[in-house]
Amino acid sequence: MTKEEYMQRAIELSLKGRGYTAPNPMVGCVVVKDGRIIAEGLHEHYGGFHAERNALLSCNEDMRGAELYVTLEPCCHHGQTPPCTDIIIEKQIGKVYIGAMDSNPLVAGKGVRILREAGITVETGILEERCREVNEVFFHYMEKGLPFVAMKYAMTLDGKIACANGDSKWVTGEESRAYVQQLRKYYTGIMVGINTVLADDPLLTCRTEPSCNPKRIVCDTHLQLPLDCQIVRTAREVFTYVAYCDAEPEKQRALEAAGIKLLCIPDRQGQVDVSLLLKRLAEEQIDSILLEGGGTLNASMLKQGMVNRVYAFIAPKLVGGAKARSPVEGEGVDNMAGAFALKQTVYQQFGEDLLVTGIVK
Ligand code: AOF
Ligand code: ZN
């Protein structure tokens, strides 16, 4: 096998941790000796051993002179676990192949330096682009100090998210909706505007794996959230933030008593300041957010440059209606040249629906 193939195996291992490692990265590791894989490991869950330590501890063979492939630069800090550089040196690994360098300031290049100083050969940049893509959330969160935001919506072929009278059950088929449940497992937070709550009374949970429920974030300028809606009724079981600007003290107290964490974050126009809100959420260790609309919140997040990825599900049906809502409303851009374009687009079919996903340029 080539070094790229070993790294590809390490990437596949890392992905088994998807949904369980946040706000830490997904990392995979493969140990090779005499052309044979003698150990494998991954970072299984937040707070657990890192991929390198898991791989090295699982191996009963003599590891002296072996090659270690890891998707992220080995750490050299004492965090929740001891430094991975220590165990790599202790086991007398001969050569380390790294996918992506770590952006964590506690590591960032120091991991490589420590290994080299210990006499270990280090080669970096193996499938680097792919390794960075896999951890797009981790790198964005580390480098920008903001949650990675993925805007998700489902629309008809004529670009509507509901009929003119508001009916929206369902735009897409079962397969698409099952994949959305997966996405809710992968993202740490899920954000909607108050109009979506008033229209749909959603739960915003992950039905396939309730232990992976994202934290809910509702943008609700005037604190209109009804006390009897599903979100408020389940706020003790599923962590819920409500960002607002002004409210009756009584309503505030009632929501807090229901278990909701209120964040008062007004901008100068008296709207929720979404960019400040994201900073606050980053401080709360929310590294990623699935943005599920509606059109007004989507538009303002996009306009402020806060949307990093788009998941657009498109169902092969037409509903028409000039007043039927669309996924991104607001003022819109003035000309096509100013459109928000996507790169690294992927087109996937779910049942009869099409998913277009990509990174906002
Ligand atoms: C992981 N898993 O497999 C590797 C990581 O929170 P701590 O103390 O476990 O440290 C997390 C940091 O360790 C993380 O930000 C990254 O810089 C480094 N490497 N982290 O969770 C791993 N290799
Ligand atoms: Zn480590």
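I take a contact to mean heavy atoms within 4.5 Å. With that in hand, I looked at how the chain of this predicted model is connected, and I found that, among contacts between residues at least 6 apart in sequence, 71% join residues at least 24 apart.

Overall form came next. I counted twelve helices and 14 strands in the chain, and I noted that its C-alpha atoms fill a box of roughly 70 × 45 × 35 Å along the principal axes. I then checked the radius of gyration, which is 23 Å and agrees with a compact globule, because a globule of 361 residues would have a value near 21 Å.

I turned to burial and surface. Buried residues account for 51% of the 361 residues, while the chain exposes about 17200 Å², of which carbon and sulfur atoms supply 48%. For charge, I recorded 40 positive and 46 negative side chains, with the centres of the two sets lying 1 Å apart.

Last, I looked up the metal site. Which atoms coordinate the zinc ion (ligand 2)? I found ND1 of H50, SG of C75 and SG of C84, at 2.0 to 2.3 Å, and along the chain these donors follow the spacing H-x24-C-x8-C. Within this set, H50 and C75 link distant parts of the chain, being 25 residues apart: H50 lies in the loop between β2 (36-42) and α2 (51-57), whereas C75 lies in the loop between β3 (67-72) and α3 (84-90).

How values were computed:
Residues numbered from 1 in each chain as written. Chains lettered and ligands numbered in written order. Predicted model: local features only at pLDDT ≥ 70, side-chain atom pairs only at ≥ 80, totals over all residues. Heavy atoms only, no water. Donors = N, O, S within 2.8 Å, 3.2 Å for Na, K, Ca; no water. Helix = DSSP H or I, 4+ residues; strand = E, 2+ residues; numbered from the N terminus. Rg over C-alpha atoms; globule rule 2.2 N^0.38 Å. Buried < 20%, exposed > 50% of the residue type's maximum accessible area, 1.4 Å probe, protein only. Areas by Shrake-Rupley, 256 points an atom, 1.4 Å probe, with all protein chains shown as cover. Lys, Arg positive; Asp, Glu negative; His and termini not counted. Charge placed at Lys NZ, Arg CZ, Asp CG, Glu CD.
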